[in-house]
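Here are my notes on this structure. Please read them with the model open beside you.

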Amino acid sequence: MTSTEKLLRGLIALPSVNPAFAPPGPRTGERAVAEFLAAVGARAGLDIEFMPALGERDNLIARLTPRGPVQRRILLAPHLDTVPGEDAQFTPVTKAGRLHGRGACDTKGAVAAMFSALCELAHGARRPAHTEVIFAGLVDEEHGQAGSRALVKAGVQADLAIVGEPTRLGVITAHKGNVWLRLTTTGKAAHGATPHLGRNAILPMVPVVTALENDYRAELARRAHPLLGSPTVNVGSIHAGAQPNIVPDTCVIEVDRRTLPGESEAGVLREITALLRARKLKAEVGSLKTAPCPALETNAEQPLVREFLRAAGQKRPLGAHYFCDAAVLAGGGMPSVVFGPGDIAQAHTADEWVELEQVEQARRLLVEFLHAQP
């Protein structure tokens, strides 16, 4: 068993479920994972710091200082939190070259690869000459990205941020943004035995859903981005009424709208409001997000991005349909890419796994990239 696999098994065995999805308990929060990594990093000679992010949840910061003057700064930024899982999912199991367990690919595989690379560089002969490397184990990516937002607010800067996500070792320079909306229609409550005395709020919502899923979706399909394709819309939930014998006086739908670079939440709200107005439909439209989640688009011609693409053996950058911390860090002034072992198709699944060879490949690639002279 390699030291990287041993580290990954230890990470999976320490549950770090985002508290937004589970009640407080021994499985929730990232603290145990952060302290485990801090101990490993301290033994390797890294400078360790806990940075406040969200209440008692802290980002783990581990710094590797170069042998000489700092000429460039690289940020390695995977997240430490996971979604919930069953009991067995927190026991790492190796089968046919794959390590199974909650967080294996999203994103403890990236954590293990990045942290192992950093520790290897810290052990002496391979310490970079002029590159400072900062590892940021971020909290709360799975919910509100409080960790990356706190990092930006604290003024952390880097010449390149490599955000750990399962990309199958591909380098991603663009990902979609995410706008969540709530639309509400109203009616008048009445007894189910006398529905004519009320107004059912579900009825005016039906053409609203149809307009979004048919007309608006067709309109979005006519837009395109070379790496991301078209923006999308999805009506993900609908809520109305308390029981069958009451005419519901409100109906609420929640909508996921994935955005392209250049689109904004305000622009999406204007589009949907205009769509409803054009079809003489009435619904209150509001945002569910507490902070903006814009799309990412990093210029692949920037020198460090080109260098990382070459290190990965990749001629052209890739795009991703999901949202992650990269856009938050880019919004704070750090050119950002997304990279890591594992496949996003395995994330959040009942049998989450990562190929151990991909984790080792990621570690080796990062060591070579970080050791290269600026």
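The points below go from the basis of the model to helices, strands and backbone geometry.

1. **Basis.** This is a predicted model, in which local features need pLDDT of at least 70, side-chain atom pairs count only at pLDDT 80 or more, and totals for chains, interfaces and linings use all residues. Residues are numbered from 1 along each chain as its sequence is written, and side-chain values use heavy atoms, with hydrogens and water left out.

2. **Helix H1, burial.** Helices (H or I, at least four residues) and strands (E, at least two) are DSSP runs, numbered from the N terminus. Start with H1, residues 3-12. Seven of its ten residues are buried, so H1 is largely enclosed by the rest of the structure. Buried means under 20% relative accessible area, exposed over 50%, and partly exposed in between, with a 1.4 Å probe and protein chains only. The buried residues of H1 are Thr4, Glu5, Leu7, Leu8, Gly10, Leu11 and Ile12.

3. **Helix H1, neighbours.** What do the buried residues of H1 pack against? The helices are H2 (31-44), H3 (104-122) and H9 (356-371). The strands are E4 (93-95), E5 (98-100) and E18 (353-355). Contact here means heavy atoms within 4.5 Å. Thr4 is buried, with a relative accessible area of 1%. Leaving aside residues up to four places away in sequence, Thr4 touches Ala112, Ala113, Ser116, Val359, Glu360 and Arg363.

4. Two strands pair if DSSP finds at least two bridges between them. E5 and E18 are joined by three bridges. His100 has Trp353 of E18 as its bridge partner. Axes are lines fitted to C-alpha atoms, for helices over the stretch in contact, and angles run from 0 to 180 degrees between N-to-C directions.

5. **H2 against H3.** The axes of H2 and H3 are 9 Å apart, at an angle of about 20°. That makes H2 roughly parallel to H3. Angles under 35 degrees count as roughly parallel, over 145 as roughly antiparallel, 65 to 115 as roughly perpendicular and the rest as oblique. From H2, the contact uses Val33, Leu37, Val40, Gly41 and Ala44. From H3, the partners are Lys108, Val111, Phe115, Cys119 and Ala122. By class, this contact has eight nonpolar residues, one polar and one charged. Ala, Val, Leu, Ile, Met, Phe, Trp, Tyr, Cys and Pro count as nonpolar, Asp, Glu, Lys and Arg as charged, and the others, Gly among them, as polar.

6. **H7 against H9.** H7 spans residues 303-311, and its axis comes within 10 Å of that of H9, crossing at roughly 140°. The two helices are therefore oblique to each other. H7 supplies Leu304, Glu307, Phe308 and Ala311, while H9 supplies Leu365, Leu366 and Phe369. The contact of H7 with H9 has six nonpolar residues, no polar and one charged.

7. **Strand E7.** Is E7 enclosed or open? Five of its five residues are buried, so E7 is largely enclosed by the rest of the structure. Leu160, Ile162 and Gly164 lie on one side, Ala161 and Val163 on the other. E7 runs parallel to E3 (residues 72-78), with five bridges, and Ile74 stands opposite Leu160. E7 also runs parallel to E17 (residues 336-339), with four bridges, and Val163 stands opposite Val338.

8. **Backbone to check.** The peptide bond from Asp106 to Thr107 is cis, with omega near -5°. Thr107 lies in H3. Two residues other than glycine have positive phi. Gln145, with phi near 60°, sits in the loop between E6 (131-137) and H4 (146-153). Gln145 is buried, with a relative accessible area of 5%. Arg168, with phi of about 60°, sits in the loop between E7 and E8 (172-175). Arg168 is exposed, at 57%.
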